[in-house]
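Subject: The structure you asked about

Hi,

Here is the structure for you to open. Have a look at it first, then read my notes below.

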Protein chains: 2
Amino acid sequence: MTASWEKTRASLDQLFAPKSLAMIGATNKLNKWGGMILANVLTNRFKGKVFPVNPTSPEVLGQRAYRSVTDIPEEVDLAVVVTPAVTVAELIEDCGRKGIRTVLVVTSDFSETGPEGREREEEIKRIAHRHGIHLIGPNSMGVFSSSVSLVCIMAMMEPLKGEISFVSQSGNIGVQMLAWGKRLKTGFRHFISSGNEADVTTQDYLRYFGEDRHCRSVMVYLESIKGRADFLEVAREVARKKPVVVFKGGKTASGLRAAASHSGALAGKRGMYDASFRQAGLIQVATTEAFIDCARSLARLPLPKGDRVGIITRGGGWGVITTDACEEHGLVVPQLAPHTIEALDRLLPPYWSRGNPIDLVAIPNIHIYLDCTEILMKDPNIDGVIALGAFTERATSFMRRPGFQEATGIDQATVQAWEEQEGQAKESVLYGILGLMKDLKKPIVTVMGREPTPRFDTLLRKEGLSLYPTPERAVRVMARLMEYARYRRRWENK
Amino acid sequence: MTASWEKTRASLDQLFAPKSLAMIGATNKLNKWGGMILANVLTNRFKGKVFPVNPTSPEVLGQRAYRSVTDIPEEVDLAVVVTPAVTVAELIEDCGRKGIRTVLVVTSDFSETGPEGREREEEIKRIAHRHGIHLIGPNSMGVFSSSVSLVCIMAMMEPLKGEISFVSQSGNIGVQMLAWGKRLKTGFRHFISSGNEADVTTQDYLRYFGEDRHCRSVMVYLESIKGRADFLEVAREVARKKPVVVFKGGKTASGLRAAASHSGALAGKRGMYDASFRQAGLIQVATTEAFIDCARSLARLPLPKGDRVGIITRGGGWGVITTDACEEHGLVVPQLAPHTIEALDRLLPPYWSRGNPIDLVAIPNIHIYLDCTEILMKDPNIDGVIALGAFTERATSFMRRPGFQEATGIDQATVQAWEEQEGQAKESVLYGILGLMKDLKKPIVTVMGREPTPRFDTLLRKEGLSLYPTPERAVRVMARLMEYARYRRRWENK
């Protein structure tokens, strides 16, 4: 533990859990970032104090405003700067004079726009260092922290609170992932858009997330690494404790957006990343969808002891393509142990498929589904289970169509009773699956093609079940989990 | 044109557009297939006549029922059989006596369950042939046809009507795709679960879809091919006219669901499929998501003249990963022509990226977005465009939170006015994009991370825009479209 890291960590404490925040460039105008971000902070009920800084307005969005940070009568943990690039240097001087140690610069037009911007960035870096300030950004889209309800980002939203911590070298990708998180019922603990990383770098945030016991998985969107060996060392350390899911942008054109053609050098670079990331135990994903899927599922699922997958399904075709997907990901779909087949013989009709996948087609009984899943989970040849069609649903919305009652004589009260029965059935499967995972310490990833009802959706979110709409997404999550588990086993056996 | 095909086609006309349907095994009990399917047919208001057949009930679900098909006083185009396997042979005899030429057998427990079932299947095949009956199935999950509103399937639903025709060797996968179609606002013209294909095979349906001018793209879920050369010949013929998207199940274990390990023979088989499918111009997809994405987009988008993609985005990171995805799919993201850059220089601020992707970050003006898209579309180096962030939305649901009004002083009327403005802006981008595609005959695939509002969603569905929630899905669609266009060009240049 270096003294330098202790200071950085203290500064990151101020970034992610500030007791007070100065918004330099705050304004009443919502079409300006200084107005929009402040409105975001206030509407999301940040738990600390907020001090708007504006040289002319005595009040901004109903809050007492100050001409300069130096006029603020209390201590300030975090200053956020949103004023034009040419003004930033002087404002950081002010922060230094005020004794602020952590400054987040949202303002852009620094090194990302060319030589002049690069000079401005060097200047603010020098000033920050002189004052012992840790600089976040510049060109950052902001920060989110669940513990203090801080939504200090350039997009009006209320991210879900949860267990994923996320550092992104692209603000837009970061914000979009927070939004997808809401759709996937997946919450974040921390998010930081690291911007140009003039001072604090991706590996600093990564190390911080590694030490944070409330963070259960880490997402990293990377375009370029400042200090490759350092990054890999930190990453390796963190990956021993929790899953680190990495999405590398600029794989084919090495961060040069416009470059179109492959070159040997670039391809080499890509291979280099892939291999060193793998050695460091990082989970590298290839799509934005896999990025968040893996982060959310790996945070929750028990680590499997091997790569052998059991599949339970309610349709032959689905079993076939799930098996294909497992094998394509390098997983094994093994034969079932003889006593597993015997146990299933006692539950299933004589024509059942007698193999893995177990196909329960046309057996709607939910207790049989759970019983078969338990038998499969107990098979010593099986390290994890993909459960398709666990949550069946009658087409009650269809049954509510007027023609249905005319054609069938089934009234709305009956339909509602079925709906309630099914709600209960789904809950009992949900808790059955969670119980099996807890007892047997093997992961189960579930698949449900339909949109869950709002009520069941709420329950899924609360319980954090790994549920995906397609088998391919479920298999991908299982594959990356098994890959991560291999890394952890290798490490623990050393 | 063989006489045999003319008969098959006539039978498929009766399957997909029957004027009358006999449901053999109809019952009032909704927990039996004969009740459930009939309720489905009636509730979905099938446009033809329905004759329930039941040996004991004079009325089924409010319809006059008949003891046998031979008692029905009118002509019957299509008979659907749902009674137990051992009864089917005799009932098909009845159909023959009645002069019915098309019989769909939903009943299972035929060749798929072993030697006894195989014998039963041979028997019903013999009887059908003797009477000149075309047999659909057995072990079929049913048929959907938009033209006569026929939903004769084992799942209560109302599929969306549209332009895709779909033959599936897995009923469950078929039904799930119809359900996903609803979520994706994608409609089907025909769907048939081909079952065991004792008589009518996948290539018969495929040929029929090829001849149907209302069908704009074809989906085929395949596990095994009966008559490989024949299938490929038909497929090649259809693929010259319209896109045929194929998903092959049992790729890694050759239809043997339980088989777990790869073998040289299986791998060879897979390579063989891949190559012959490609030569026949089939679009082979690897996931269920790609299956429906490609079918819906390829039905509508203009065929590009080459493989060069222009990207327009509102965020650098998104441009980077979209470029990566293009290159990973073998597409080219070329430099822009000099006059394109000059034209964009006149519209964009001096710091714009001057390359492909065109990054409009922080320029919210929608007219500039459309103008830039038009300039990009007119670039002679560009064959198709991926448009990210075309449909921006203010976070109006966020603005409706109580804290927002307190913090900002912005009232609900203002928020509503913004919402309406934006609704109009999105519509003008939507029609602008459709207009550009029509005028310039190049495809545009759009990306929007947020869920569309219900109103905009309705419009998207009506206009059939290719819109995806992730750039990777958009790029995959573009890649398969460009692959298909290559096939068509090769063919047209012969």
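**What I found**

A:R455 is exposed, at 60% relative accessibility. For that word, the rule is a relative accessible area over 50% for exposed, under 20% for buried, and partly exposed in between, using a 1.4 Å probe and protein chains only. Before going on, please keep in mind that this is a predicted model, where local features need pLDDT of at least 70 and side-chain atom pairs count only at pLDDT 80 or more, while totals for chains, interfaces and linings use all residues. Residues are numbered from 1 along each chain as its sequence is written, chains are lettered from A and ligands numbered from 1 in the order in which they are written, and side-chain values use heavy atoms, with hydrogens and water left out.

**Salt bridges inside the chains**

What does A:R455 pair with? A:R455 meets the side chain of A:E427 in a salt bridge, 2.9 Å from N to O. (A salt bridge here is a side-chain nitrogen of Lys or Arg within 4 Å of a carboxyl oxygen of Asp or Glu.) A:E427 sits in helix α15 (residues 412-440) of chain A and A:R455 in helix α16 (residues 454-463) of chain A, so the pair ties together parts 28 residues apart in sequence. Helices are DSSP runs (H or I, at least four residues), as are strands (E, at least two), and they are numbered from the N terminus. A:E427 is partly exposed, at 25%.

Chain B has a salt bridge between B:R455 and B:E427, 2.9 Å from N to O. There, B:R455 is exposed at 61%, and B:E427 is partly exposed at 25%.

Another one to look up is A:R486 with A:D307, whose closest N and O atoms are 2.7 Å apart. That pair links distant parts of the chain: A:R486 is in helix α17 of chain A, and A:D307 is in the loop between α9 and β15 (309-313) of chain A, 179 residues apart. A:R486 is partly exposed at 33%, whereas A:D307 is buried at 19%.

Over all chains, the search finds 49 salt bridges.

**Where the chains meet**

How many residues does each chain bring to the contact? Chain A gives 74 residues and chain B gives 74 residues, counting heavy atoms within 4.5 Å as contact. The buried area between them is about 6,100 Å², with 57% of it from carbon and sulfur atoms. (Buried area is the accessible area, with a 1.4 Å probe, that two parts lose on being put together, summed over both.)

The rule finds 2 salt bridges across this interface. One of them joins B:R401 to A:E158, with the closest N and O atoms 3.7 Å apart.

How many disulfides does the search of the whole structure find? B:C372 is in no disulfide either, and the nearest cysteine sulfur, that of B:C326, is 19 Å away. B:C152 is buried, at 0%, and B:C372 is buried, at 0%.

Cheers

Definitions and conventions: Disulfide = S-S within 2.5 Å.
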